Amino acid sequence: MKKDAEAAIRSASDLDALKEIRVKYLGKKGEITSVLRGMKDLPPAERPVIGGLANEIRASLEEWIGDKELELDQERLKHRLASETIDVTLPGKPKPLGGLHPLNAVIERIEDIFIGMGFEVAEGPEVETDYYNFEALNLPKDHPARDMQDSFYITPEILLRTQTSPVQVRSMEAREGRVPVKIICPGKVYRRDDDDATHSHQFTQVEGLVVDRGIAMSELHGTLLSFAEQMFGRKLESRLRPSYFPFTEPSVEMDISCVQCGGKGCRMCKQTGWIEILGAGMVHPRVLERGGYDSERYTGFAFGMGPERIALLKYGIDDIRHFYTNDLRFLRQFQSV
């Protein structure tokens, strides 16, 4: 039995065959177990001899099976290493990395600049009421300036906001007359515009508001000039032109010397040397009153700009629609911005 088992173990070609040998000789119904169970039928003098021999063979078989199992495991591992070889010297598979959308990058840069000047970032709902979007901003229901902004209505009193100015009113109300108020309001806005190279029915805005005692137009000009120089990274000339906005009085538009030609005149600035970048003005007394502030004690200034326009100027982009068509060839140019 010992010789037969030894030969079988040595010739076992895999772990399944070795398992069968273990069961055949060492299992509950195996040959060694049968010998030990049959010892009761032997004469008393032979039992110790047969029992000792059976236990000796059991120990030998367990040792041989263990050695053979280790040998087969090593052979199987060697075969797997040979068949599943991986060349670790090959370059890895690169995973494409995304980046900030150019508009988000510009908005974050605008936020960084104004936060550095002590402003806070305020946000509000994109679905707005007629009161906050128009009436609280000195645009009653019969005001002709509404024609430029009447847009996407959900009900007669609820619409998609046409500007982020409602956030200014909401922020003033929340402060309950406390000063100073110094916020910027970035976000999406919606208007009934035809989509072309410079217009879109959905775009982004960043508006700003400062309210305190003794705020003057000179502080507005200084704030905006500092912003322009930090955004475009160069010393710029600027000018304020009279304009009209219902929620500011007086109202102005700000031009800067052309970022392409430095004011000499080129195609971008239509040979004028100037480029308009935003609208601004001193907060209208009625808007202050709607926000809960005494217009006899407090003054303020407000401004609004389109990040799309800033991005067009900063990066020399010729069509606003590039920002919204999700063309990866365009977007990849700004991954490092």
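Student: Is Glu135 buried, exposed or partly exposed?
Tutor: This is a predicted model, and its values are computed from the atoms. Glu135 has a relative accessible area of 25%. Buried means under 20%, and exposed means over 50%. Glu135 is therefore partly exposed.

Student: Which residue meets the side chain of Glu135 in a salt bridge?
Tutor: Side chains of opposite charge can pair when their charged atoms come close. Here the N to O distance is 3.4 Å.

Student: Asp327 forms a salt bridge with Arg329. Which class of accessibility does Arg329 fall in?
Tutor: The closest N and O atoms of the pair are 2.8 Å apart. Asp327 is partly exposed, at 25%. Arg329 has 65% relative accessibility, and the cut-off for exposed is over 50%. Arg329 is exposed.

Student: About how many helical turns separate Arg76 and Asp73?
Tutor: Their side chains meet in a salt bridge of 3.4 Å, N to O. Both lie in helix H4, residues 47–83. They are 3 residues apart, so the separation is about one helical turn.

Student: Is Asp255 buried or exposed?
Tutor: Asp255 lies in strand E8. Its contacts beyond four places in sequence include Trp274, Ile275 and Glu276. Its relative accessible area is 2%, so Asp255 is buried.

Student: Which residues are linked with Asp255 in a network of salt bridges?
Tutor: Start with the polar contacts between side chains. Asp255 and Arg239 are joined at 2.9 Å. Asp255 and Arg241 are joined at 2.5 Å. The network links Asp255 with Arg239, Arg241, Glu253 and Glu276.

Student: How many residues of E6 are buried?
Tutor: Look at its pairing. E5 and E6 pair in the antiparallel sense over 10 bridges, with Val181 opposite Val211. E6 and E10 also run antiparallel, joined by 7 bridges, and Leu209 stands opposite Ala302. E6 is largely enclosed by the rest of the structure, because the buried residues number 9 of 11.

Student: Which residues touch the most other members of the largest nonpolar core?
Tutor: This core has 43 residues. H8 gives the most to this core, with 6 residues. Met305 contacts Ile110, Phe114, Phe227 and Ile277, among others. The residues asked for are Phe303 and Met305.

Methods. Residues numbered from 1 in each chain as written. Predicted model: local features only at pLDDT ≥ 70, side-chain atom pairs only at ≥ 80, totals over all residues. Heavy atoms only, no water. Core = buried A, V, L, I, M, F, W, Y, C linked by side-chain atoms within 4.5 Å. Buried < 20%, exposed > 50% of the residue type's maximum accessible area, 1.4 Å probe, protein only. Helix = DSSP H or I, 4+ residues; strand = E, 2+ residues; numbered from the N terminus. Contact = heavy atoms within 4.5 Å. Pairing = 2+ DSSP bridges. Polar contact = N/O pair within 3.5 Å; in protein donor to acceptor, adjacent residues only side chain to side chain. Salt bridge = Lys/Arg side-chain N within 4 Å of Asp/Glu carboxyl O.
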